[in-house]
Amino acid sequence: MHRKAVGLIAGAVLLGFAGAVPAHAEGSRTTYFTGWHPGNESSRWTDNNSDNVSTSVTLSGCHTDGASGFRQANLTLWKDIDLLPDDNKGTRTNSCGKSAWGDQSSGKYYFELSSFNTGSTMSADKVVIAY
């Protein structure tokens, strides 16, 4: 009887650890963009601010049509405000990696490709947006 009780307790403890899930971003999406010009915008996403995760955009497979190739781009995060000008949350320089803006309040957001180093169009084979 004692051995059975110890086994049940040990099993419950193991299930408790197995059921513990690490914190993750509220949401994320993976996409890409092709042939973007400065001023192009991503689609909007809704951040309910149900976590403490930084809003970030990660680019990979970056290239431009410029002769010297891709070196860096500037990304601006915007909060979409109805009937008022959108709220600029800041611009980050991205060298085909991760740009982060910290934990944002609830609302609709998008990023803008503000500029890039060379050429007239830029593409990113993979874009991961986490919020």
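**Entry 1: secondary structure.** Helices (H or I, at least four residues) and strands (E, at least two) are DSSP runs, numbered from the N terminus. With that definition I read the pattern along the sequence as α-β-β-β-β-β-β-β-β. I therefore recorded one helix and eight strands for the chain. I noted that this is a predicted model, in which local features need pLDDT of at least 70 and side-chain atom pairs count only at pLDDT 80 or more, while totals for chains, interfaces and linings use all residues. Residues are numbered from 1 along each chain as its sequence is written, and side-chain values use heavy atoms, with hydrogens and water left out.

**Entry 2: burial and surface.** I looked up what share of the chain is buried (under 20% relative accessible area, with exposed over 50% and partly exposed in between; 1.4 Å probe, protein chains only). Of the 131 residues in the chain, 32% are buried. The accessible surface of the chain is about 7,700 Å² by the Shrake-Rupley method with a 1.4 Å probe, where for residues only the protein chains shown count as cover. Carbon and sulfur atoms hold 55% of that surface.

**Entry 3: contacts.** I then turned to contacts (heavy atoms within 4.5 Å). Among the contacts with a separation of 6 or more, 79% join residues 24 or more positions apart.

**Entry 4: salt bridges.** How many salt bridges does the structure hold? I found three, a salt bridge being a side-chain nitrogen of Lys or Arg within 4 Å of a carboxyl oxygen of Asp or Glu.

**Entry 5: the network at Arg-44.** Glu-41, Arg-44 and Asp-80 form a network of salt bridges. Between Glu-41 and Arg-44 I recorded an N to O distance of 3.1 Å. Between Asp-80 and Arg-44 the N to O distance is 3.2 Å. This latter pair links distant parts of the chain, 36 residues apart: Asp-80 is in strand 4 (residues 73–80), and Arg-44 is in the loop between strand 1 (28–36) and strand 2 (45–47). I also looked up the accessibility of each member. Glu-41 counts as partly exposed because its relative accessibility is 39%. Arg-44, at 31%, is partly exposed, and Asp-80 is partly exposed at 22%.

**Entry 6: Asp-87 and Lys-89.** Which residue forms a salt bridge with Asp-87? I found Lys-89, with the closest N and O atoms 3.1 Å apart. Asp-87 has a relative accessible area of 32% and is therefore partly exposed. For Lys-89 the relative accessible area is 27%, so Lys-89 is partly exposed.
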